[in-house]
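Dear colleague,

My notes on what was found in it follow directly after.

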Amino acid sequence: MSTKKKSFSDYLMMGLMGLLILGLGGFGITNFSGGGTSIASVGDRDITAEDYYRAMVQAIRVEEASGATDLSLAALEAAGVPAQVRGQLIGTEALNNETDRLGLSVGDDEVARMITGSSAFDGINGDFDREAYEFFLDQNGWNVADFEQSVREESSRNILQASVVAGLAPPEQLSDVLTNWYGERRSFRWAVFAPDSLTSEILAPTEAQLEAFHGENTAAFTLPEMKRITYAWLTPEMLLDEVEIDEADLRALYAERADEYVIPERRLVERLVFGTAEEATQAREAIEAGESDFAATVEARGLTLEDVDLGEQTEADLGQAGAAVFGLEEPGLVGPYPTDLGPALFRMNGILQARETSFEQAEPELRSELGRERARRMIEDMITDLDDRLAGGATVEDLAKETGMEIGTVDYHAGAEAGIAAYTDFRAAAGALGEKDFPEILTLDDGSIYAMRLEELIEPRLQSLDEVRDAVLAGWEAAETRKALVAEAEAAKVELDAGKSLVDVAGLGVDSAENVIRSGFVEGLAPEVSNAVFAMKTGASAVVTTADGAVLVVLDSVAEPDADDQQIALFRMAMQQQAEQGIASDLFTLYARQMTATAGISINDAGLNAVHSQLFR
């Protein structure tokens, strides 16, 4: 019951927020002269012009957000938008008409609770603010009385809906069927027929065979639609020769990075802390006497080796234990020594020698890094001037001639990733580039800049055999290899069905899996094989074609779902909830349609035209 109450409350809040969203479109509503104040009547209730206006504004915003560019009345009517809006409003009023007939309603206290509980009307202290509430409604075309009546009606409709679908539950047989289908366990064996196990020889293809394969697989050898783009670009690397770098700057950067170039000797260390020095000493003596070992001592203290691992440590990092640990020339145990956590034993597991990179050795790397950074700043300083040149009518060719930018051309398509197309930002911009777009300076994530122009759209083209001969040959060989492997697997299946074992017909490369459910994953096994297994009968065998060969599979057994498997229980619960929601939704939809069909509907065309004239003037 608590779940249903929560769900019902959620419906009410959703309805309230829906009304608020519709209300956002109400600001600016003017008088709908000549058409009256309603656009339709449903039973004893009217749909006002203001209601229709708000709903249409919201629908137009949805269309605009989805990418629609033609938002004229003709285009929207062709898409069925106004009819859908009217249908929703008529359905709502039909249900309101029914709640009136049944006498369903909620009191003022419930309406107040719904409104004051909405965060949309909270003040700065987090509590309901009456002035904010009234201001919000006024700004969005509502008055308080009408809005609160809308909340009351929404609450009443949800009571009606809850009553119609109350007590619905899917048949147990449905849950049983779905759970058995999902949780059924299958055990099977299989042998893979892969290219490296092929026993037959694949002869070299004839020219006719290559031509036939090329003709049968035109999609694989057809270039997509491409955009021929001319571009001028400038990268930091192009300016490195122009960048002057003083040795003093390089040495300053070397000093700044000293911890990367001068690395002291380090040790791989573990530290085990004890409550007292006596406990630590006893533990060390037991380890040295062979009565225990370090790992067992760690475990006895409720820890793991990961818990006590300090990783790489310098002598200074280890405090008072540093000299003793670094005095060891091979792995060993020292201690106890005091630490911030208490007395501890230290085990040294490895020695990492000191490493120093001299300035002379690091200079090329430092020069390259500092040069690229300064080149990026030089490019940044050029952007304004380049933008001004383009605004003044310069072409990308002019930029290349006058500024040192490099000119280039690329036939761009979605799969292109070479040259400038290797940049994600360029690919995004090239994909959106149109014939009417003027060149502008754009930036790339490494500090490069570019400007581009679309020259032409190149239609998809089937490449000739000579252009893609190597790819055709590779594709033909792969296809023929797969055919040969399938044939070998089929021959093995004949022997298997005649009474031989899977090992006899496939050698030692036989794998098995037990109690696999439909959603289970078997490492190394193609998904199509698992799909085939769940279409087989116990004891049956099958050859499954895969991307690079074939698999011969045998289904050994089928078992019912594991009643103790939590995954199966969760699936059953989810299926029951989904089925219950689906049945409830379908039932209430049919009920709402019946209420609409029997309510009696009258459309006021003059009122509709008045709203349309305001929306589309």
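A residue is called buried under 20% relative accessible area, exposed over 50%, and partly exposed in between. Please also bear in mind that this is a predicted model.

With those limits, Asn515 counts as partly exposed, because its relative accessibility is 40%. Asn515 belongs to strand E16, which covers residues 510-516. Its phi lies near 50°, a positive value in a residue other than glycine. Most residues other than glycine have a negative phi, and most peptide bonds are trans.

The peptide bond that joins Gly335 and Pro336 is cis, with omega at about 5°. Pro336 has its place in strand E9, residues 332-337.

I turn next to the strand pairing around E18. Strand E18 (residues 550-559) pairs with strand E3 (residues 185-193) in the antiparallel sense, over nine bridges. Within this pairing, Ala191 stands opposite Leu552 in E18. Strand E17 (residues 541-545) also runs antiparallel to E18, and five bridges join the two. Here Thr545 has Ala550 of E18 as its bridge partner.

For the protein chain as a whole, the secondary structure comes to 23 helices and 19 strands. The chain is more spread out than a compact globule, because its radius of gyration is 38 Å, well over the 25 Å that the globule rule gives for 617 residues. The C-alpha trace spans about 100 × 80 × 80 Å along its principal axes.

Of the contacts with a separation of 6 or more, 75% are between residues 24 or more positions apart. Buried residues make up 36% of the 617 residues. The accessible surface of the protein chain comes to about 34,900 Å², and carbon and sulfur atoms account for 50% of that surface.

Finally, on charge, the protein chain has 47 positive and 111 negative side chains. The centres of these two sets lie 4 Å apart.

With kind regards

How values were computed:
Residues are numbered from 1 along each chain as its sequence is written. This is a predicted model: local features need pLDDT of at least 70, side-chain atom pairs count only at pLDDT 80 or more; totals for chains, interfaces and linings use all residues. Side-chain values use heavy atoms; hydrogens and water are left out. Two strands pair if DSSP finds at least two bridges between them. Helices (H or I, at least four residues) and strands (E, at least two) are DSSP runs, numbered from the N terminus. The radius of gyration is taken over C-alpha atoms; the globule rule is 2.2 Å times the number of residues to the power 0.38. Buried means under 20% relative accessible area, exposed over 50%, partly exposed in between (1.4 Å probe, protein chains only). Contact means heavy atoms within 4.5 Å. Accessible areas come from the Shrake-Rupley method with a 1.4 Å probe; for residues, only the protein chains shown count as cover. Lys and Arg count as positive and Asp and Glu as negative; His and the chain ends are not counted. The place of a charge is taken as NZ of Lys, CZ of Arg, CG of Asp or CD of Glu.
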